Amino acid sequence: MIQSSPVRLERNTRETRISASLGISDSGKGKFEGTSGIGFFDHMLNSFCVHGGFEFIATIEGDTFVDCHHTVEDTGIVLGSLFDMLLDDRSGIARFGNAFVPMDEALAFCAADISGRPFLVFDDGGYIKAHSVGGYDTEISEEFFRAFAFNAKLTLHLRLQYGSNAHHCIEALYKAAARAIKQACNLGAAGILSAKGVL
């Protein structure tokens with residue numbers, strides 16, 4: 001079963017210091033509280049939480065004077081680890097979820113399996129032409145979702161169907177992932193939904 005109370009984790013390295021908690025919103029509408037020092041990334045985290053129904057509270061300090069890589073990737077590690085803790089034994093959940101999310105001219109798709117087997121397929125279709133948005137390197141999106149998926153022990157297939165505005169394209173991917181994961185977390189069959197009996 002999903003933990004009823006928020007879970008907490010600290011991760012400190014020579015590159016980042018992150019202290020965070022994660023819970024499920026009672027209202028179904030989540031939020032992100034904190035700042036990473038990267039405005040666009042904060043916007044993506046908030047979109048992810050709002051559409052996933054997650055309450056993510058974090059103090060994030062990273063070497064953004066280098067670039068955004070370590071901060072974004074390590075936040076993905078912490079968020080994924082918290083999600084794994086929150087799911088506990090993964091019983092009672094639907095396990096699978098999928099979502100299409102349009103954002104103006106962009107359309108993103110995600111399929112999620114809370115499988116216990118980490119895997120990421122990420123395909124932006126080459127549609128994201130800009131190298132950065134608001135201090136956020138666009139290529140780091142794949143690294144964030146890989147860090148999240150592998151530490152949450154889930155399978156994610158993310159694909160940008162089409163789009164031209166980098167902001168829209170990336171935000172559609174974050175929202176699609178959030179909505180697919182939220183669907184996979186919904187209550188499903190009793191027990192663990194696996195022929196093996198474990199996830």
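These legends describe close-up views of a predicted model.

**View 1. Helix H2, its length and its cover.** Helix H2 covers residues 69–87. At 1.5 Å a residue, its 19 residues should span 27 Å, and the end C-alpha atoms are 27 Å apart, so the two values agree. Most of H2 is covered: 15 of its 19 residues are buried. Just after the helix comes Asp-88, with a positive phi of about 55 degrees.

**View 2. H2 packed on H3.** Helix H3 takes in residues 140–152. The axes of H2 and H3 lie 7 Å apart, at an angle of about 25 degrees. Angles under 35 degrees count as roughly parallel, and H2 and H3 are therefore roughly parallel to each other. Their crossing is right-handed. On the H2 side, the contact is made by His-69, Val-72, Glu-73, Thr-75, Gly-76, Ile-77, Leu-79, Gly-80, Ser-81, Phe-83 and Asp-84. H3 supplies Ile-140, Glu-143, Phe-144, Ala-147, Phe-148, Asn-151 and Ala-152.

**View 3. H1 against H4.** H1 brings Phe-40, Phe-41, His-43, Met-44, Ser-47, Phe-48, His-51 and Gly-52 to the contact. Residues of H4 that meet them include His-167, Ile-170, Glu-171, Tyr-174, Lys-175 and Ile-181.

View 4. In soluble globular proteins, nonpolar side chains tend to be buried together. Beyond its neighbours within four places in sequence, Leu-156 is in contact with Cys-110, Ala-111, Ala-112, Phe-119, Leu-120 and Val-121, among others. Its partners also include Phe-145, Phe-148, Ala-149 and Ile-181. Among these, Phe-148 is one of the H3 residues in contact with H2, and Ile-181 is one of the H4 residues that meet H1.

**View 5. Ser-21 in strand E2.** Strand E2 runs over residues 16–24 and holds Ser-21. Ser-21 has 11% relative accessibility and so counts as buried, the cut-off being under 20%. Residues up to four places away in sequence aside, Ser-21 touches Val-7, Arg-8, Glu-55, Phe-56, Ile-57 and Leu-82.

Terms used. Residues are numbered from 1 along each chain as its sequence is written. This is a predicted model: local features need pLDDT of at least 70, side-chain atom pairs count only at pLDDT 80 or more; totals for chains, interfaces and linings use all residues. Side-chain values use heavy atoms; hydrogens and water are left out. Helices (H or I, at least four residues) and strands (E, at least two) are DSSP runs, numbered from the N terminus. The expected span of a helix is 1.5 Å times one less than its number of residues. Buried means under 20% relative accessible area, exposed over 50%, partly exposed in between (1.4 Å probe, protein chains only). Contact means heavy atoms within 4.5 Å. Axes are lines fitted to C-alpha atoms, for helices over the stretch in contact, and angles run from 0 to 180 degrees between N-to-C directions. Angles under 35 degrees count as roughly parallel, over 145 as roughly antiparallel, 65 to 115 as roughly perpendicular and the rest as oblique. A crossing is left-handed if the near helix is turned anticlockwise from the far one by less than a right angle, and right-handed if clockwise.
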